[in-house]
Amino acid sequence: MIQFKNFVAAFGGRKVIRALTFNLPANSITAIIGASGSGKTTLLRALCRMNDRVKNFRVEGNVLIDGMDIYRPDTDVYALRRNVGLVFQKPCVFPKSIFDNAVFGVKEKMHRKEYPDLVEKVLREVFLWEEVKDRLGEKATTLSQGQQQRLTLARTLAVGPQVLLMDEPTSSLDPKSTAAIEKLVQSLKSRHTILWVTHQHDQAHSIADKVLIIENGQIAPFETPVARPEQSSSFTRVLQNVQEYPE
Ligand SMILES: Nc1ncnc2c1ncn2[C@@H]1O[C@H](COP(=O)(O)OP(=O)(O)OP(=O)(O)O)[C@@H](O)[C@H]1O
Ligand SMILES: [Mg+2]
């Protein structure tokens, strides 16, 4: 469970996030929608303390993950970043092999002998294994954008985060790859707390348990309840549309 309590994030005198108070339940997907510049990326980056070195950045209030305030002075920021994985809008693979990308974050933590099993596990988790199992030694940059985004997610999962932050992860992908990532995130929900930023209302409502609107650095007073009874139909519809999409 993640709790924001009167959380403020500011660059100098400019408050981007203003006194935000809300909870993200564990093992659920929360979508955040908001206009460009409303503070969505700032909020995600604040959750893994990626703004620590940004000049003039400051926070007030609290962010708690499982009851621990992540801005306490004694927080182990490296451990925090292993626990909170962030996936960006554009796939971010390194100019290394597919195999090396998958194990990139665990190299100092694991014995080399354990790599192959981990690579297979995480690539299966992101539904990429069957597509790449015969070309693991090839450069990751030879993959399609959708495959690269799934590999980026596999690399994040390999580190074992409890929280997954997705910053418009499908905005540079075609409908087929978008549906693959959406399906994947549904499958990860039972083991992770997921915060998904999107500009697409349809997407937010089809994937998320809860949709929040961010406006002027605050959660807008209405939290949009998601109609769950027919939820499978909306998600299935996405997949059906994709099957109709030409290869
Ligand atoms: N490093 C920084 N220094 C100063 N201001 C910043 C910095 N990063 C972001 N901001 C400001 O914070 C505000 C929110 O930016 P943010 O990137 O969080 O918006 P966003 O909601 O993610 O927008 P988009 O939908 O375009 O990605 C903007 O006004 C932006 O200029
Ligand atoms: Mg952003």
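The crossing of α6 and α7 is right-handed, a crossing being right-handed if the near helix is turned clockwise from the far one by less than a right angle and left-handed if anticlockwise. This is a predicted model, in which local features need pLDDT of at least 70, side-chain atom pairs count only at pLDDT 80 or more, and totals for chains, interfaces and linings use all residues. Residues are numbered from 1 along each chain as its sequence is written, while chains are lettered from A and ligands numbered from 1 in the order in which they are written.

Staying with that pair: the axes of α6 and helix α7 (residues 175-188) come within 9 Å and cross at roughly 20°. That makes α6 roughly parallel to α7 (under 35 degrees; over 145 is roughly antiparallel, 65 to 115 roughly perpendicular, the rest oblique). On the α6 side the contact uses Gln145, Gly146, Gln149, Arg150 and Leu153, and on the α7 side Lys176, Ser177, Ala180, Ile181 and Leu184; contact means C-beta atoms, placed from the backbone, within 7 Å. By class, these residues are four nonpolar, four polar and two charged.

Next, the other partner of α6. Helix α4 (residues 115-125) packs with α6 (residues 145-158) at about 125°, the axes 9 Å apart. The two are therefore oblique to each other, and the crossing of α4 and α6 is right-handed. Leu118, Val122, Leu123 and Glu125 of α4 meet Ala154, Leu157 and Ala158 of α6. That contact has six nonpolar residues, no polar and one charged.

Now the ligand. Which residues are around ligand 1? They are Phe11, Val16, Gly34, Ser36, Gly37, Ser38, Gly39, Lys40, Thr41, Thr42 and Val54. Helix α1 (residues 40-47) gives the most to this shell, with three residues. The shell divides into three nonpolar, seven polar and one charged.

Last, confidence. The protein averages a pLDDT of 88, and 89% of the residues score at least 70; pLDDT is the predictor's confidence in each residue, from 0 to 100. Over residues 228-247 pLDDT stays under 50, and for them the model has 15 contacts beyond four places in sequence.

Conventions: Axes fitted to C-alpha atoms, helices over the stretch in contact; angles between N-to-C directions. Helix = DSSP H or I, 4+ residues; strand = E, 2+ residues; numbered from the N terminus. Contact = placed C-beta atoms within 7 Å. Nonpolar A, V, L, I, M, F, W, Y, C, P; charged D, E, K, R; others polar. Near = placed C-beta within 6 Å.
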